[in-house]
Amino acid sequence: MTAISDSDAGFGSEAGSTALVQSNQANSGITVVTSQTVTLPHGVAQGNLLVASVMCGSNAQAISAPAGWTQAVINQPAGAAAIEAAIWYAVVTAGMAGQTSWTFATGSPVSMAVVMSEFYSPYGWLPNPLDQVSQGGTQPFSSTSTSIDSGTTPFTEQPLELCIACLVYKGAGQAYNGIAKGFSIVQDSPGGGNSLTELFLVSTVSWSANAKYQLWGFPVYWAGCIATFMPNVPIPVSSRDSGTGSDSSLLTALAADLDAGTGTDIAVAAGSYLYVTDSDAGTGTEAQSLPLPLLVQSADYGYGSDTGGIASMTRPPLTALPIFEGFSLSRVAVLGGGYGSGEYGSGEYGSVGGTESVQLFGAQSIAITPTVTSSAMKSDDWDIGVWLALTKADVTVTNGFMSWAAISRLSGVAVASSGASPSDYYGLPLWTQYQHNTPAVPIAFRMSSRDSRSGTRTLDFVLYRVQLSVLNYTGLVYKNGLGVSYAGTVLLSSTDEAGNALPYLEIGRIVSSPGSLTGTLGPLALQGV
């Protein structure tokens, strides 16, 4: 049994986060098929959770899945609905690792859609992670509506559960709003025949899960369902000794000491869990002989020994919630090679892909502003929906120092010099006609940070393709300092700063790393993710 030390004086524990790794969708449209294959952009990782939301244009179809998949829930509304929703799941085994495609089949031709997603948890997933399920639209006689609902589950067994909702409706995709608070869209699969949306949420508390949204168009037949999945999260340990003892937590539980420590106590079930409490003031030892993980609770203020009688799996250390704040800007640099591999040729500036090439010395401030275009969907004389698209971003780096080496290397204009230090002279063209039509470059900047528990962190921002523009000189005022501004346009990129292919066009990423990172930038964490 491996102990987890209570180092926070009994104030509780913190948990890591579940993250969406990748997703994709496939929809047969108006074509009826007996199977539908969906392919993810990358091979899946062992231990991750796969979830598939499946729609059929029939309310009486049995769905068959590939080996290793389990059906969590299916909703087949009664009456004339002629549509059904189902959620399937699988924990990636060694044999499935690296696979990208799966096929779901039906007994007869129908329209089909599948949204598949892969989720990572820092704790891994339980062998059978399914907890709660529910269905929406289960009334005896089906009816049309513009409100698509998943149904409401009973309370989840634990916090940090992953909630997946599958919402489907008849007809081509419609604009919608009013997504249930906290839920995010995994994928929309709007087909000419029927449409599907998969939503997800990771709850920090135990709750009763429900997802829904409101169509902006006309009422339709619909179906919905929802399922929650449990990561293998450590159970927090309560400290009764103000942190002076060792309070251990492994998994679910133990038994009660009923004989004042004179014998051996065997665990018995109490609801969903098993518990052990020390009721002999630490004079005896409480043991568990069943092949179950143990949870020990200390009631003797840390002076006795409360242990389990079997070996249990070591759990990851409790980590801080992913809530961070950033402080002072500490370093800005152009990275070499990201734009210079794959789609954009070979690396420049003599640096390895994704590592610092040119420091923009003495950076004082950075501003990043995205450009989003909108297109309105109209019905008669009013807007019924708005489609938003990110096209680019603008970035400005203001420096307190003028680094001629950086200006020269970014613009391609040489610095002229004469004489010997310290009596040397330097010259650089202020602006030339074409000096700023240079290749796009990756730019990264770093700032000090901390998490919600005041733990030291470092925040790194990296922009994958920055087309630099003409330099601006500011502060040319009596008794005011000179400022040099590097302005540029951040373009959407199909590769990251090191040339790794991305599943979607992206602007860049933000990375939070433990500790205080110093020195040159790169290679930064999570490349290619």
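Let's start at L388, which is exposed, with a relative accessible area of 62%. Here exposed means over 50% relative accessible area, buried means under 20%, and partly exposed is anything in between, worked out with a 1.4 Å probe and protein chains only. Before going further, keep in mind that this is a predicted model: local features need pLDDT of at least 70, side-chain atom pairs count only at pLDDT 80 or more, and totals for chains, interfaces and linings use all residues. Residues are numbered from 1 along each chain as its sequence is written, and side-chain values use heavy atoms, with hydrogens and water left out.

L388 sits in strand β22. Helices (H or I, at least four residues) and strands (E, at least two) are DSSP runs, numbered from the N terminus. The areas come from the Shrake-Rupley method with a 1.4 Å probe, and for residues only the protein chains shown count as cover.

Now zoom out for a moment. The secondary structure of the chain comes to 1 helix and 31 strands. Of the 529 residues, 44% are buried. The accessible surface comes to about 24,300 Å², and 57% of that belongs to carbon and sulfur atoms. Take the contacts (heavy atoms within 4.5 Å): among those with a separation of 6 or more, 70% are between residues 24 or more positions apart.

Two strands pair if DSSP finds at least two bridges between them. Strand β28 (residues 483-491) is largely enclosed by the rest of the structure, because 7 of its 9 residues are buried. Strand β26 (residues 456-468) is joined to β28 by 3 bridges and runs antiparallel to it, and there V466 stands opposite V490. β27 and β28 are also antiparallel, with 3 bridges between them, and T474 faces G483 in β28.

A pair of aromatic rings is described by the distance of the centres and the angle of the planes. Rings of Phe, Tyr and Trp (its six-membered ring) pair if their centres lie within 6.5 Å; planes under 30 degrees apart count as stacked, over 60 as edge-to-face, and the rest as tilted. By this rule the count comes to 9 aromatic pairs. One of them is W431 with Y473, a tilted pair at 6.0 Å centre to centre with 55° between the planes. The two residues are 42 residues apart and come from distant parts of the chain: W431 is in the loop between β24 (425-427) and β25 (441-451), while Y473 is in strand β27 (residues 472-474). W431 is partly exposed at 44% relative accessible area, and Y473 is partly exposed too, at 23%. Elsewhere, W69, W88, W102 and F104 form one aromatic cluster.

For a strand on the inside, look at β16 (residues 222-231). All of its residues, 10 of the 10, are buried, so β16 is largely enclosed by the rest of the structure. W222, G224, I226, T228 and M230 point one way, while A223, C225, A227, F229 and P231 point the other way. Strand β9 (residues 125-136) runs antiparallel to β16, joined by 6 bridges, and V133 has A227 as its bridge partner. Strand β11 (residues 162-170) pairs with β16 in the antiparallel sense over 8 bridges, placing V168 opposite A223.

β9 also holds D131, which counts as buried at 18% relative accessibility. Leaving aside residues up to four places away in sequence, D131 touches T156, E157, E161, T228 and M230.

Finally, there is an open sheet of 3 strands in the order β2-β7-β4, with antiparallel pairing. β2 (33-39) and β4 (63-64) stand at the edges with a single partner strand each, so one side of each is left without a neighbour in the sheet. β4 pairs with strand β7 (residues 101-110) over 2 bridges, and I63 has T106 as its bridge partner in β7.
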